[in-house]
Amino acid sequence: MQWKGRRRSDNVEYRGGSTIKKGGIGIGSIIIALILWKVFGINPQTTLGVAEQLNSQTVQTTPVQHTPEQQEVHAFVETVLADTEDVWTPIFATLGKTYVPPKLVVFTGSVQSACGGATSASGPFYCPADQKVYLDTQFFADMKTQMGITGDKQGSSQLSKQNTAGDFAQAYVIAHEVGHHIQTVLGISSQVRQAQAQTNKANANHLSVRQELQADCFAGLWANHNQKRTNFLQKGDIEEALDAAEKIGDDYLQHKAHGHTIPDSFTHGTSEQRKRWFYRGFESGDIQACDTFGVKNI
Ligand SMILES: [Zn+2]
């Protein structure tokens, strides 16, 4: 996958990786100091001096230092997110709508979202409540090692030179999560939630599968349009994404990523279904082709 030299999105924020705590005197310290002063006659300056000293001991103002590898990952994420913005904006225009893109939060370790806390073990996810995609940097590393999605068998030095290894599989993951944003802003996700509230568990799970497969189809649709814009695909990229869809098919992206909304009994789309819907989006480039809710058999 070619990705260098294109526009990079400003909608990426970075969290974690260093501890930065605020120093100074908190309002709590001031209240306690005033109580001590009023009740016991202790000079507030003495109390606040101690409070400030205590606070300053926990202050770490280590600047965030990113390694060249991290900077590379950040540049990649910003470029892929910009690619999704540049593809979805005109598509929304044809629907008579304005595309408001999601923010993407890259985090290390753990993160707080409007959907609750998450750790690196959660995998990537989209939170409809704050309309942000959450992506932990460890996930990309895991994709390459644990799941064997390398796209290149010639060793890491070769990888860093070419910067093509597994790139498209990673872009597909981002495009899938942006797909959930598309579903949210088009009102599809809320319709699914309403329908799920009025049906039994099995049917509710079935709707979740259709929602996931549509996000895959949207990822394929994105790849189609981005290819027309940028000619970014290289030999083997689509196979790589389909391979990723297979490997992360049944639980990695979904169970871990959307675990906060999905019960244990949830049956995910099969690898075969995921591949098929990704390919349907990719071949057609047509949002109508991604109506996973309108077809009888998925
Ligand atoms: Zn998903």
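User: What makes β5 and β6 a hairpin, and which residue in the turn has a positive phi?

Analyst: This is a predicted model, in which local features need pLDDT of at least 70, side-chain atom pairs count only at pLDDT 80 or more, and totals for chains, interfaces and linings use all residues. Residues are numbered from 1 along each chain as its sequence is written, and side-chain values use heavy atoms, with hydrogens and water left out. β5 and β6 form a hairpin with 4 residues between them, and Gln131 in the turn has a positive phi of about 55 degrees. Strands are DSSP runs of E with at least two residues, and helices are runs of H or I with at least four, numbered from the N terminus.

User: How do you know that β5 and β6 pair, and in which sense?

Analyst: Pairing requires that DSSP find at least two bridges between two strands. β5 (residues 125–127) and β6 have 3 bridges and therefore pair, in the antiparallel sense. Cys127 has Lys132 in β6 as its bridge partner.

User: Which strand do 5 bridges join to β6?

Analyst: That strand is β2 (residues 103–107), which runs parallel to β6. Leu104 has Val133 in β6 as its bridge partner.

User: Why is β6 called largely enclosed by the rest of the structure?

Analyst: Buried means under 20% relative accessible area, with exposed over 50% and partly exposed in between (1.4 Å probe, protein chains only). In β6 (residues 132–136), 5 of the 5 residues are buried, so the strand is largely enclosed. Lys132, Tyr134 and Asp136 point one way, Val133 and Leu135 the other way.
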